[in-house]
Amino acid sequence: MKNIIFTCGDVNGIGPEIVIKTISNIFDPAKYKLNFLCPKKVFIDTARNVGVTFPFEINKSLDLKESEIVSIVSFSDAHLEPGIPTKKSGEVSYKAIEAAFKAVWKNKADAVVTAPISKKAFQLAGIKFKGHTEILAKWSKVSNYMMMFHSKNLMCGLVTIQEPIESIPTILTQKKLDTAIKITVESLRKDFGIKEPNIAVLGLNPHAGEEGIIGKEEIKIIKPVLLQSDYKNFLSGPFVPDAFFANKLYKKFDFVLGMYHDQVLIPFKLLNFNTGVNFTAGLPIIRTSPDHGTAFDIAQMGIADSGSMIQAFYLADKIIDNRRNFSER
């Protein structure tokens, strides 16, 4: 039996709703022990709104023993203020992440599936982290990690994460790109079972710099790394980004490595908005999440699509199996 924890995310967004819908969809007590970190009042009000089809009990702490009943862990007295990021919602979402991390870090749970958080609520609560990726990397004491995105159509990742465009040329170095390639290969092998991955690397500039006419990063940084990498036999590129996606070349590769956020996320979300999954590669723990935000505009309307959260659960389930099989080799 696999023990998987869901976090509520920002309680004033769609997080609680899509978690409840997901558990209703995937509930299988013969295979999974499920815990949902969510304040009692938030859970009850959301459940009343969307309906619950699974047996549950409300506890004050994580119940990680095998059980056919879903454990709703009420760790806060928070209530709903739909559509509004608040100091309280930031604090609650942070505490849920913290409790889930402690459980997976101590090997008391196999994976955590996180609902969307609000950077604004984090700011109001005085929390300095940008998001889940940075929090979990810090707590895991990992300095090299990657934001990956997974779907049936496309799997991709970012060399730089959520950085201002003006900072990218400064942040992008040969060392950073080489590290990203290593994380990619190791994760594809361990987490996805791809022994010899075929990886496409995108250029940074329009037309991939057009031989230095539009930008020098391809010549000075990207091409040298591709030629010198320990995994050069797995790498192709740098590709012209717009033509790469327009010609659907991504279908020929196991993975696409982009240089910055929107370069990869725009095509990924166009292809997979309701089914894409965010995965943090390079961590000793397993964490997945839906590839969308809090959707404050539709909070507590009962209309949120849980497809991406469902896929996040099944990806976590798959990675648990792959890591177990990898460690047994």
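Two strands pair if DSSP finds at least two bridges between them. I kept that rule beside me, along with the DSSP runs that number the elements from the N terminus: helices are H or I with at least four residues, strands are E with at least two.

**Entry 1: ground rules**

I am working with a predicted model, where local features need pLDDT of at least 70, side-chain atom pairs count only at pLDDT 80 or more, and totals for chains, interfaces and linings use all residues. Residues are numbered from 1 along each chain as its sequence is written, and side-chain values use heavy atoms, with hydrogens and water left out.

**Entry 2: strands 6 and 7**

I began with strand 6 (residues 146-150) and strand 7 (residues 155-158), which run antiparallel and are joined by three bridges. Which residue of strand 7 is the bridge partner of methionine 148? I found glycine 157 there.

**Entry 3: strand 1**

I then looked at strand 1, where six of six residues are buried (buried is under 20% relative accessible area, exposed over 50%, partly exposed in between, with a 1.4 Å probe and protein chains only). Lys2, Ile4 and Phe6 point one way from strand 1, while Asn3, Ile5 and Thr7 point the other way. Strand 1 runs parallel to strand 2, and six bridges join them. One detail I noted: isoleucine 4 has leucine 34 in strand 2 as its bridge partner.

**Entry 4: helices over the sheet**

Axes here are lines fitted to C-alpha atoms, for helices over the stretch in contact, and angles run from 0 to 180 degrees between N-to-C directions.

**Entry 5: helix 1 against helix 2**

How do helix 1 (residues 15-26) and helix 2 (residues 40-50) cross? I found that their axes come within 10 Å and cross at roughly 65 degrees. On the helix 1 side I listed Pro16, Glu17, Ile20 and Lys21, which meet Val42, Phe43, Thr46, Ala47 and Val50 in helix 2. The residues of this contact divide into six nonpolar, one polar and two charged. For those classes, Ala, Val, Leu, Ile, Met, Phe, Trp, Tyr, Cys and Pro count as nonpolar, Asp, Glu, Lys and Arg as charged, and the others, Gly among them, as polar.

**Entry 6: threonine 160**

Threonine 160 is found in the loop between strand 7 and helix 6 (168-171). Buried or exposed? Threonine 160 is buried, at a relative accessible area of 1%. A polar atom of its side chain lies 2.7 Å from the backbone oxygen of methionine 259. Leaving aside neighbours within four places in sequence, threonine 160 is in contact with Ile168, Ile171, Lys176, Met259, Tyr260 and His261.

**Entry 7: histidine 150**

I went back to strand 6 for histidine 150, which is buried with a relative accessible area of 17%. Histidine 150 and asparagine 278 are 128 residues apart in sequence, yet 6.5 Å apart in space, C-alpha to C-alpha. Beyond four places in sequence, the contacts of histidine 150 include Met155, Phe192, Phe268 and Leu315.

Most residues other than glycine have a negative phi, and most peptide bonds are trans. I therefore wanted the exceptions, with that rule in mind. The peptide bond from glycine 237 to proline 238 is cis, with omega near 0 degrees, and proline 238 is in strand 9. Alanine 208 has phi near 50 degrees and is buried at 12% relative accessibility. Lysine 248 has a positive phi of about 55 degrees, and at 46% relative accessibility lysine 248 counts as partly exposed.

Methods: Contact = heavy atoms within 4.5 Å. Polar contact = N/O pair within 3.5 Å; in protein donor to acceptor, adjacent residues only side chain to side chain.
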